[in-house]
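Open the model in your viewer and keep the selection tool ready.

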Amino acid sequence: MRILISNDDGYLAPGINALADALAQVAEIVVVAPDSNRSGASNSLSLDRPLSVSKAANGFFFTNGTPSDCVHIALTAMLDAPPDLVVSGINNGQNMGDDTLYSGTVAAATEAYLFGIPAIAFSQVRSGWAEVESAARVARDIVLRGFDTLDAPFLLNVNIPNLPYERMGPLTPTRLGRRHHSEPVIRAQDPRGREIFWIGAPGACRDAAEGTDFHATAQGRVSLTPLQVDLTHREQLDALRRSLG
(Lines give C-alpha, C1' and ligand atoms only; values in the text may rest on other atoms or scores of the structure.)
Protein backbone atom coordinates (compact mmCIF):
# COMPACT_ATOMS: atom_id res chain seq x y z
CA MET A 1 0.00 0.00 0.00
CA ARG A 2 1.24 3.47 -0.89
CA ILE A 3 0.05 6.43 1.19
CA LEU A 4 0.47 10.15 0.65
CA ILE A 5 0.51 12.13 3.92
CA SER A 6 -0.12 15.85 4.35
CA ASN A 7 -1.42 18.24 7.01
CA ASP A 8 -2.05 21.92 7.77
CA ASP A 9 0.20 22.34 10.83
CA GLY A 10 3.40 22.09 8.79
CA TYR A 11 5.94 19.37 8.16
CA LEU A 12 7.63 19.87 11.56
CA ALA A 13 4.43 19.34 13.57
CA PRO A 14 4.40 16.45 16.06
CA GLY A 15 1.13 15.18 14.60
CA ILE A 16 2.39 14.49 11.09
CA ASN A 17 5.63 13.01 12.40
CA ALA A 18 3.76 10.60 14.69
CA LEU A 19 1.38 9.68 11.87
CA ALA A 20 4.23 9.08 9.42
CA ASP A 21 6.08 6.90 11.92
CA ALA A 22 2.97 4.79 12.54
CA LEU A 23 2.03 4.36 8.88
CA ALA A 24 5.59 3.67 7.72
CA GLN A 25 5.30 0.36 9.61
CA VAL A 26 2.50 -0.83 7.32
CA ALA A 27 2.87 1.07 4.04
CA GLU A 28 5.16 2.94 1.71
CA ILE A 29 4.69 6.61 2.59
CA VAL A 30 5.38 9.95 0.94
CA VAL A 31 4.98 13.14 2.97
CA VAL A 32 4.22 16.48 1.29
CA ALA A 33 3.20 19.18 3.75
CA PRO A 34 3.27 22.98 4.16
CA ASP A 35 6.47 24.65 5.30
CA SER A 36 4.63 26.29 8.21
CA ASN A 37 1.26 26.37 9.92
CA ARG A 38 -1.62 26.84 7.47
CA SER A 39 -4.53 26.18 9.85
CA GLY A 40 -7.84 27.54 8.61
CA ALA A 41 -6.71 27.57 4.98
CA SER A 42 -9.74 25.54 3.93
CA ASN A 43 -9.64 24.41 0.29
CA SER A 44 -7.65 27.36 -1.02
CA LEU A 45 -5.18 26.96 -3.88
CA SER A 46 -2.34 29.44 -4.45
CA LEU A 47 -3.06 30.96 -7.86
CA ASP A 48 -1.24 34.29 -7.45
CA ARG A 49 2.34 33.06 -7.02
CA PRO A 50 4.62 30.17 -7.93
CA LEU A 51 5.18 27.35 -5.46
CA SER A 52 8.37 25.53 -4.58
CA VAL A 53 9.05 22.09 -3.15
CA SER A 54 11.99 21.28 -0.87
CA LYS A 55 13.12 18.09 0.84
CA ALA A 56 13.84 17.99 4.56
CA ALA A 57 16.58 15.94 6.19
CA ASN A 58 14.01 13.35 7.35
CA GLY A 59 12.80 12.76 3.78
CA PHE A 60 9.61 14.81 4.06
CA PHE A 61 8.81 17.20 1.23
CA PHE A 62 7.51 20.67 2.10
CA THR A 63 6.05 23.50 0.06
CA ASN A 64 5.35 27.20 0.52
CA GLY A 65 1.67 26.60 -0.22
CA THR A 66 -1.58 25.50 1.38
CA PRO A 67 -2.60 21.95 2.33
CA SER A 68 -4.61 21.70 -0.90
CA ASP A 69 -1.56 22.91 -2.84
CA CYS A 70 0.54 20.16 -1.26
CA VAL A 71 -1.79 17.36 -2.30
CA HIS A 72 -2.45 18.90 -5.72
CA ILE A 73 1.27 19.20 -6.49
CA ALA A 74 2.02 15.71 -5.18
CA LEU A 75 -0.69 14.09 -7.30
CA THR A 76 -0.07 16.02 -10.51
CA ALA A 77 3.67 16.62 -10.52
CA MET A 78 5.58 14.53 -7.98
CA LEU A 79 4.26 10.98 -7.79
CA ASP A 80 4.76 8.55 -10.66
CA ALA A 81 1.45 6.83 -9.86
CA PRO A 82 -1.58 7.70 -7.70
CA PRO A 83 -1.35 6.55 -4.08
CA ASP A 84 -3.79 4.02 -2.71
CA LEU A 85 -4.80 6.41 0.06
CA VAL A 86 -4.22 10.01 1.16
CA VAL A 87 -4.23 10.85 4.87
CA SER A 88 -4.06 14.27 6.47
CA GLY A 89 -3.06 15.19 10.02
CA ILE A 90 -2.85 14.48 12.80
CA ASN A 91 -4.25 17.94 13.46
CA ASN A 92 -3.51 19.90 16.63
CA GLY A 93 -7.13 20.15 17.78
CA GLN A 94 -10.55 19.01 16.70
CA ASN A 95 -12.18 19.42 13.30
CA MET A 96 -15.84 18.72 14.02
CA GLY A 97 -19.16 20.21 13.02
CA ASP A 98 -18.95 23.45 11.05
CA ASP A 99 -15.17 23.56 11.60
CA THR A 100 -14.71 21.14 8.72
CA LEU A 101 -15.52 23.97 6.27
CA TYR A 102 -12.50 25.96 7.46
CA SER A 103 -10.11 23.12 8.17
CA GLY A 104 -6.92 22.81 6.15
CA THR A 105 -6.58 19.27 7.47
CA VAL A 106 -9.92 18.26 5.98
CA ALA A 107 -9.13 20.27 2.83
CA ALA A 108 -5.99 18.25 2.11
CA ALA A 109 -8.04 15.06 2.27
CA THR A 110 -10.79 16.62 0.18
CA GLU A 111 -8.31 17.51 -2.56
CA ALA A 112 -7.41 13.85 -2.88
CA TYR A 113 -11.08 12.90 -2.88
CA LEU A 114 -11.66 15.29 -5.80
CA PHE A 115 -8.98 13.37 -7.68
CA GLY A 116 -10.85 10.12 -7.04
CA ILE A 117 -8.53 8.85 -4.30
CA PRO A 118 -9.81 7.60 -0.91
CA ALA A 119 -8.82 10.00 1.84
CA ILE A 120 -8.97 10.31 5.63
CA ALA A 121 -8.45 13.42 7.79
CA PHE A 122 -7.25 12.81 11.35
CA SER A 123 -7.51 15.28 14.25
CA GLN A 124 -7.08 15.16 18.01
CA VAL A 125 -9.97 16.52 20.03
CA ARG A 126 -7.80 18.81 22.19
CA SER A 127 -4.85 20.94 21.16
CA GLY A 128 -1.42 20.42 22.67
CA TRP A 129 -0.40 17.00 21.26
CA ALA A 130 -1.16 15.05 24.45
CA GLU A 131 -1.21 11.30 23.62
CA VAL A 132 -0.36 11.97 19.96
CA GLU A 133 1.39 8.59 19.68
CA SER A 134 -1.82 6.90 20.82
CA ALA A 135 -3.75 8.87 18.22
CA ALA A 136 -1.27 7.72 15.57
CA ARG A 137 -1.85 4.09 16.60
CA VAL A 138 -5.59 4.61 16.22
CA ALA A 139 -5.02 6.19 12.80
CA ARG A 140 -2.97 3.16 11.73
CA ASP A 141 -5.73 0.82 12.92
CA ILE A 142 -8.28 2.77 10.89
CA VAL A 143 -6.13 2.76 7.75
CA LEU A 144 -5.65 -1.01 8.00
CA ARG A 145 -9.43 -1.58 8.07
CA GLY A 146 -9.61 -0.71 4.36
CA PHE A 147 -13.32 0.17 4.35
CA ASP A 148 -14.09 -2.02 1.35
CA THR A 149 -17.82 -1.69 1.99
CA LEU A 150 -17.74 2.08 1.33
CA ASP A 151 -18.25 3.47 -2.14
CA ALA A 152 -14.96 4.51 -3.67
CA PRO A 153 -13.59 7.03 -3.32
CA PHE A 154 -14.52 7.83 0.24
CA LEU A 155 -13.74 10.84 2.41
CA LEU A 156 -13.64 10.31 6.19
CA ASN A 157 -13.22 12.89 8.92
CA VAL A 158 -11.83 11.30 12.09
CA ASN A 159 -11.54 12.94 15.52
CA ILE A 160 -9.58 11.10 18.21
CA PRO A 161 -9.79 11.79 21.96
CA ASN A 162 -6.55 12.65 23.76
CA LEU A 163 -6.48 9.38 25.66
CA PRO A 164 -3.98 6.56 26.12
CA TYR A 165 -4.43 3.90 23.47
CA GLU A 166 -5.67 1.34 25.99
CA ARG A 167 -8.42 3.72 27.20
CA MET A 168 -9.60 4.78 23.76
CA GLY A 169 -13.30 4.23 23.12
CA PRO A 170 -14.64 2.35 20.09
CA LEU A 171 -14.74 3.64 16.52
CA THR A 172 -18.12 5.32 16.11
CA PRO A 173 -19.85 6.39 12.87
CA THR A 174 -21.20 9.92 13.34
CA ARG A 175 -22.71 12.91 11.60
CA LEU A 176 -21.37 16.43 11.86
CA GLY A 177 -22.69 18.45 14.78
CA ARG A 178 -23.25 22.21 14.70
CA ARG A 179 -21.76 25.15 16.53
CA HIS A 180 -23.10 28.53 17.49
CA HIS A 181 -21.56 31.48 15.70
CA SER A 182 -17.94 32.22 16.56
CA GLU A 183 -17.05 34.53 19.40
CA PRO A 184 -16.69 38.21 18.40
CA VAL A 185 -13.41 39.37 16.89
CA ILE A 186 -10.79 40.74 19.26
CA ARG A 187 -9.88 44.37 18.59
CA ALA A 188 -6.31 45.52 19.15
CA GLN A 189 -3.74 47.99 17.81
CA ASP A 190 -0.53 47.29 15.96
CA PRO A 191 2.72 49.12 16.95
CA ARG A 192 1.80 51.99 14.61
CA GLY A 193 -1.54 52.51 16.29
CA ARG A 194 -3.65 51.04 13.51
CA GLU A 195 -6.70 49.05 14.52
CA ILE A 196 -6.34 45.31 13.90
CA PHE A 197 -8.62 42.35 14.45
CA TRP A 198 -8.03 38.79 15.63
CA ILE A 199 -10.62 36.19 14.65
CA GLY A 200 -12.44 35.04 17.78
CA ALA A 201 -12.61 31.56 19.24
CA PRO A 202 -15.09 28.99 17.88
CA GLY A 203 -18.55 29.18 19.36
CA ALA A 204 -20.12 26.67 21.71
CA CYS A 205 -21.87 23.57 20.41
CA ARG A 206 -25.41 24.11 19.13
CA ASP A 207 -26.02 20.49 18.16
CA ALA A 208 -24.03 17.95 20.15
CA ALA A 209 -26.82 15.39 20.31
CA GLU A 210 -26.29 11.66 20.29
CA GLY A 211 -25.04 10.59 16.90
CA THR A 212 -22.86 13.67 16.36
CA ASP A 213 -19.10 13.88 16.34
CA PHE A 214 -19.20 16.18 19.39
CA HIS A 215 -21.22 13.66 21.39
CA ALA A 216 -19.08 10.65 20.48
CA THR A 217 -15.77 12.27 21.35
CA ALA A 218 -17.19 13.64 24.62
CA GLN A 219 -17.79 9.98 25.54
CA GLY A 220 -14.16 9.11 24.76
CA ARG A 221 -15.02 7.43 21.47
CA VAL A 222 -13.32 7.92 18.11
CA SER A 223 -15.61 9.75 15.70
CA LEU A 224 -15.67 8.79 12.01
CA THR A 225 -17.82 10.99 9.77
CA PRO A 226 -18.19 10.30 6.03
CA LEU A 227 -18.13 13.56 4.09
CA GLN A 228 -19.18 14.61 0.59
CA VAL A 229 -18.49 17.64 -1.58
CA ASP A 230 -21.95 18.21 -3.09
CA LEU A 231 -23.30 21.39 -1.45
CA THR A 232 -26.54 21.44 -3.41
CA HIS A 233 -29.53 22.21 -1.19
CA ARG A 234 -31.76 19.65 -2.87
CA GLU A 235 -34.82 20.41 -0.76
CA GLN A 236 -34.73 23.97 -2.09
CA LEU A 237 -34.54 22.99 -5.76
CA ASP A 238 -38.29 22.51 -6.19
CA ALA A 239 -39.05 25.73 -4.33
CA LEU A 240 -36.59 27.60 -6.56
CA ARG A 241 -38.15 26.12 -9.70
CA ARG A 242 -41.61 27.23 -8.47
CA SER A 243 -40.40 30.73 -7.70
CA LEU A 244 -38.99 31.04 -11.21
CA GLY A 245 -42.25 29.90 -12.78
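Select the lining of the second largest pocket: its residues divide into eight nonpolar, seven polar and four charged. This is a predicted model. The lining holds 19 residues. For a view of the middle, pick Thr-100, Leu-101, Leu-176, Gln-228 and Leu-231, which lie nearest the pocket's centre. Now colour by element. H3 and strand E13 (222–226) are the elements that give two or more residues to this lining. The volume of the second largest pocket is about 560 Å³.

Next, go to the largest pocket. Its volume is about 700 Å³. Its lining comprises 30 residues; select Gly-40, Asn-95, Asp-99, Tyr-102 and Pro-202, the closest to its centre. Colour the lining by class: 16 residues are polar, eight charged and six nonpolar.

Last stop: the helix pair. Show helix H2 (residues 67–78) and helix H3 (residues 104–114). Their axes lie 7 Å apart, and the packing angle is about 25 degrees. Angles under 35 degrees count as roughly parallel, so H2 is roughly parallel to H3. Which hand does the crossing of H2 and H3 have? It is right-handed.

Now show side chains at the contact. From H2, select Pro-67, Ser-68, Val-71, His-72 and Leu-75.

Technical notes
Residues are numbered from 1 along each chain as its sequence is written. This is a predicted model: local features need pLDDT of at least 70, side-chain atom pairs count only at pLDDT 80 or more; totals for chains, interfaces and linings use all residues. Side-chain values use heavy atoms; hydrogens and water are left out. Axes are lines fitted to C-alpha atoms, for helices over the stretch in contact, and angles run from 0 to 180 degrees between N-to-C directions. Helices (H or I, at least four residues) and strands (E, at least two) are DSSP runs, numbered from the N terminus. Angles under 35 degrees count as roughly parallel, over 145 as roughly antiparallel, 65 to 115 as roughly perpendicular and the rest as oblique. A crossing is left-handed if the near helix is turned anticlockwise from the far one by less than a right angle, and right-handed if clockwise. Contact means heavy atoms within 4.5 Å. On a 1 Å grid over the protein atoms alone, a cavity is a set of points where a 1.4 Å probe fits but cannot get out, and a pocket is an open set with protein on both sides within 12 Å along at least five of seven lines; lining residues have an atom within 4 Å of a point. Grid points are joined across faces, edges and corners, and a volume is the space filled by probe spheres set on the points. Ala, Val, Leu, Ile, Met, Phe, Trp, Tyr, Cys and Pro count as nonpolar, Asp, Glu, Lys and Arg as charged, and the others, Gly among them, as polar.
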